[in-house]
Amino acid sequence: MSENLKGKKILLGISGSIAAYKAASLTRLFIKAGAEVKVIMTPASTSFISPLTLSTLSKNPVWSEVSSEGSWNNHVDLGLWADVMIIAPATAATLAKLANGICDNMLVAVYLSARCPVFFAPAMDVDMWHHPTTQQNVKRLLSYENKLIPVEVGELASGLSGEGRMAEPETIITITNQYFDKGKLAGKRILITAGPTLEALDPVRFLGNRSSGKMGIAIAEAAAHRGATVDLVLGPTHLRPYHSNVNLHKVESADEMYTKALEIFDSCDAAVLAAAVADYKPETRADHKIKKSGDHLTISFVRTPDIAAHLGKRKKDQIIVGFAMETKDEKDNALVKMEKKNMDFIVLNSLNEKGAGFQHDTNKVSFIFRDKTMKDFSLKLKTEVAEDILDELLKKLP
Ligand code: PMT
């Protein structure tokens, strides 16, 4: 059940909740699974469970202060050491500090220095959990690519009952184990297109669209976290990926995106085409700013290259995942695109769905497959949609 944890470096952050007692069995289960564990405690948590218990179980010193006995504890080293950081329990106060970068203890300092994925398992009373402040902090942490280990429902320390219990240690082990199982993209190279394209009319003006690049960047980051080498061909946006496995190729127009994508595609195992590419560009680009003259201006447009269709023709055993952004007859239009462009499956998002499509942090998608079957998903963060797409892609990769 926990075979993927062998040899993994786990940084366990504990904050001050009665659920801190569960950290002892969590540490023991990680060690039993062959992982290496280092524990960081907030000062408040040491009233709930003794550092000695955790250092004995983890076979490592426990850190709770930024400095001790006149010397500085290096939070950067700890942050860089870990394969994954798990903050369990994460109290309302710790969530607020993490979400806002309030770096007044060792745990937050390590969190801010960590380059590995961070999971957090909240623990608090039901009303604290449902309070908009807490929910806002959780949302913020998720938007920074952290991963939530959901709270459980049950009896709480206050005597109340409801949502807010920290997940059981066995559940946290299962989730961490599954996370490392997703490292299966190691050794794979994935091409991703994202963002809009801008088609210049003159040195000042262009024809563009509303894509922010968020969807494609989320896929690029998620694939990199799973071990893939990613080539992200990104149209103009102020957003950018952070993972060092992502090679960023910035382009402006459909022509540039086409040239770069074709250059990379042959050496890739898969392509995920999330870009909103202009279908037409102005036939000519004026050398100088077009001046006002008369009441009407007529511009002639010509087709841009269809990147997806070209890759679809060229593909050997690569998997191609396309996107379809539709406003009516969604399924039929997406099906036609998938077949015409020789995609393996297509991700449909519709502007008729609230919170879906351009610019939102969320998306609501359906996957459509070559046998015309469909898989519908609820509204989710784009980071979660990215994971769903990669799960599906993994099933299709040889
Ligand atoms: O960037 P965000 O703000 O996060 O928004 C995400 C998104 C809405 C842009 C994204 O989820 C999405 O739907 N991308 C595809 C948008 C689109 O224009 O789709 P389409 O139906 O026009 O094109 C179908 C497919 O062909 C797409 O995979 C597209 O990348 C590809 N295509 C289209 C035209 C072209 N010339 N070359 C292409 O490769």
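What follows is a chat about helix packing, a pocket and some backbone details in a predicted model.

Trainee: Hi! What should I know before I start?

Mentor: This is a predicted model, where local features need pLDDT of at least 70, side-chain atom pairs count only at pLDDT 80 or more, and totals for chains, interfaces and linings use all residues. Residues are numbered from 1 along each chain as its sequence is written, and side-chain values use heavy atoms, with hydrogens and water left out.

Trainee: Great, helices then. At what angle do α4 and α7 pack?

Mentor: Helix α4 (residues 92-100) and helix α7 (residues 132-143) pack at about 45 degrees, and their axes are 9 Å apart. That makes α4 oblique to α7. Helices here are DSSP runs of H or I with at least four residues, strands are E runs of at least two, and both are numbered from the N terminus. Axes are lines fitted to C-alpha atoms, for helices over the stretch in contact, and angles run from 0 to 180 degrees between N-to-C directions. Under 35 degrees counts as roughly parallel, over 145 as roughly antiparallel, 65 to 115 as roughly perpendicular, and the rest as oblique.

Trainee: Is the crossing of α4 and α7 left-handed or right-handed?

Mentor: α4 passes α7 in a left-handed crossing (the near helix is turned anticlockwise from the far one by less than a right angle; clockwise would be right-handed).

Trainee: And which residues of α4 and α7 meet?

Mentor: From α4, Ala92, Leu95, Ala96, Leu98, Ala99 and Asn100 meet Thr134, Asn137, Val138, Arg140 and Leu141 of α7, with contact meaning heavy atoms within 4.5 Å. By class, the contact of α4 with α7 has 7 nonpolar, 3 polar and 1 charged residues. Ala, Val, Leu, Ile, Met, Phe, Trp, Tyr, Cys and Pro count as nonpolar, Asp, Glu, Lys and Arg as charged, and the others, Gly among them, as polar.

Trainee: How are α10 and α11 placed relative to each other?

Mentor: Helix α10 (residues 254-265) and helix α11 (residues 307-314) pack at about 20 degrees with axes 10 Å apart. They are therefore roughly parallel to each other, and their crossing is right-handed. Residues making the contact include Met257, Tyr258 and Phe265 of α10 and His310 and Leu311 of α11. By class, 8 residues in the contact of α10 with α11 are nonpolar, 1 is polar and 1 is charged.

Trainee: New topic! What volume does the largest pocket have?

Mentor: The largest pocket has a volume of about 1,800 Å³. On a 1 Å grid over the protein atoms alone, a pocket is an open set of points with protein on both sides within 12 Å along at least five of seven lines, a cavity is a set where a 1.4 Å probe fits but cannot get out, and lining residues have an atom within 4 Å of a point. Grid points are joined across faces, edges and corners, and a volume is the space filled by probe spheres set on the points.

Trainee: Which lining residues lie nearest its centre?

Mentor: Of the 49 residues lining the largest pocket, Tyr144, Glu145, Asn146, Lys147 and His225 lie nearest its centre. The lining divides into 23 nonpolar, 10 polar and 16 charged residues.

Trainee: Last one: where is the cis peptide bond?

Mentor: The bond from Ala88 to Pro89 is cis, with omega near 0 degrees, and Pro89 lies in strand β6 (residues 84-90). Look at Lys59 too, which has a positive phi of about 65 degrees although it is not a glycine. Lys59 lies in the loop between α2 (51-58) and β3 (62-63).
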